[in-house]
Amino acid sequence: MTSASTVPVSRVPARLARFVLRMFRPHVYVTYGLLWTLSLESSAVSLTGTPWRPSGATWARVTSVVLALLFLRMLDEQKDLEYDRVHHPDRPLVTGAITAGELRAGMAVSTAVVICLNAALSPAAVLLVLAALGYGLLLAAVERLSAPVRDRQLLGLAAACPVQVLLGCYVYGSLAAAGTVTADWRGAVLLALSACVFLHFEFARKTAWQAPPGECLYSVVLGPRRSAAVTAAFAAGAVVCQIVLFLPYGPAGLLPCLIAALPAWGLRRFSAARRGCWPMPAAAGFVAGTHLALTVRAAVLP
């Protein structure tokens with residue numbers, strides 16, 4: 001493994017860029033951060049009866065969420081080093097294509113940019129986004145000290161979920177701090193909607209009829225059928241949240257619910273095949289389609 005001391009400082013940005021392109025694929029993570037933030041902000045604003053249009057603050061939130069996701073991806077790369085040495089020996093940190101010190105430098109730069117962006121919004125926005133990053137650091141420390149949190153799939157997921165919720169709270173809370181929305185129960189339902197969409201994808205990518213030795217899948221813990229049922233249940237939960245929020249606005253407001261046809265097809269396909277994995281195009285399509293449809297609904301409908 002290449003030592004951090006042998007890498008010229010001038011090469012660090014290029015090494016970080018290669019890490020980002022490989023482990024933080026922009027067409028996946030940036031697209032997700034963009035669509036998630038836009039759907040959450042636009043839905044929150046539209047529920048006040050105010051027309052939504054993106055602003056400079058919108059793009060500050062989008063950039064902050066994407067950089068927070070990058071911060072957490074860099075943190076995960078260090079946290080998972082021992083596991084990756086056994087199961088993923090080609091990962092950049094294992095091979096020396098990047099060092100822990102370089103990743104920490106990237107995390108520091110990301111944090112500084114996020115602070116500067118949100119300082120222009122409000123002190124509350126700074127505190128909320130730092131709370132999400134801070135929880136990620138706390139979780140990494142807990143996983144080092146606690147074998148159950150580190151090794152038990154479902155307990156680890158329960159411990160990690162607050163990061164997703166805290167990032168959602170940042171987007172919604174920064175809107176409330178700016179006076180764009182008034183925080184109420186609908187904010188909690190919006191956050192639950194986002195969590196259900198995320199958890200549908202999270203379970204889908206770790207649900208299979210057979211698991212390679214040592215692979216950490218939820219279907220190993222729950223069994224393939226129960227894991228598939230949980231995957232579908234989270235998609236159903238997202239639909240229920242949409243109905244609660246948008247039914248008063250008429251049938252047109254519920255059009256994003258039609259995206260639930262994708263997880264329904266995924267469940268049918270997975271159950272009938274009795275082999276292989278959950279169809280990931282259906283899961284990814286549900287995530288992207290739901291967030292995009294919610295954004296379009298808020299931009300088009302009164």
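Guide: On a 1 Å grid over the protein atoms alone, a cavity is a set of points where a 1.4 Å probe fits but cannot get out. Grid points are joined across faces, edges and corners, and a volume is the space filled by probe spheres set on the points. The model is predicted, so local features need pLDDT of at least 70 and side-chain atom pairs count only at pLDDT 80 or more, while totals for chains, interfaces and linings use all residues. Residues are numbered from 1 along each chain as its sequence is written, and side-chain values use heavy atoms, with hydrogens and water left out.

A search of the whole structure finds two cavities of 30 Å³ or more. The largest cavity has a volume of about 40 Å³. Its lining, meaning residues with an atom within 4 Å of a point, consists of Ala44, Leu47, Thr48, Tyr172, Val181, Thr182, Asp184 and Arg186. Sorted by class, four of these are nonpolar, two polar and two charged. Here Ala, Val, Leu, Ile, Met, Phe, Trp, Tyr, Cys and Pro count as nonpolar, Asp, Glu, Lys and Arg as charged, and the others, Gly among them, as polar.

The second largest cavity has a volume of about 30 Å³. Around the second largest cavity lie Trp36, Gln164, Val165, Gly168, Leu191, Ser194 and Ala195. Four of these lining residues are nonpolar and three polar, with no charged residue. Helix H9 (153-177) and helix H10 (185-204) each contribute at least two residues to this lining; helices (H or I, at least four residues) and strands (E, at least two) are DSSP runs, numbered from the N terminus.

As for the rest of the chain, there are 14 helices and zero strands. Of the 302 residues, 48% count as buried, that is, under 20% relative accessible area with a 1.4 Å probe and protein chains only. The C-alpha atoms fill a box of roughly 60 × 50 × 30 Å along the principal axes. Among contacts (heavy atoms within 4.5 Å) between residues at least 6 apart in sequence, 72% join residues at least 24 apart.

The structure holds zero disulfides, a disulfide being a pair of cysteine sulfur atoms within 2.5 Å. Cys161 is in no disulfide, and the nearest cysteine sulfur, that of Cys196, is 10 Å away. For Cys216, the closest cysteine sulfur is in Cys277, at 14 Å, too far for a bond.

Terms used:
On a 1 Å grid over the protein atoms alone, a cavity is a set of points where a 1.4 Å probe fits but cannot get out, and a pocket is an open set with protein on both sides within 12 Å along at least five of seven lines; lining residues have an atom within 4 Å of a point. Buried means under 20% relative accessible area, exposed over 50%, partly exposed in between (1.4 Å probe, protein chains only).
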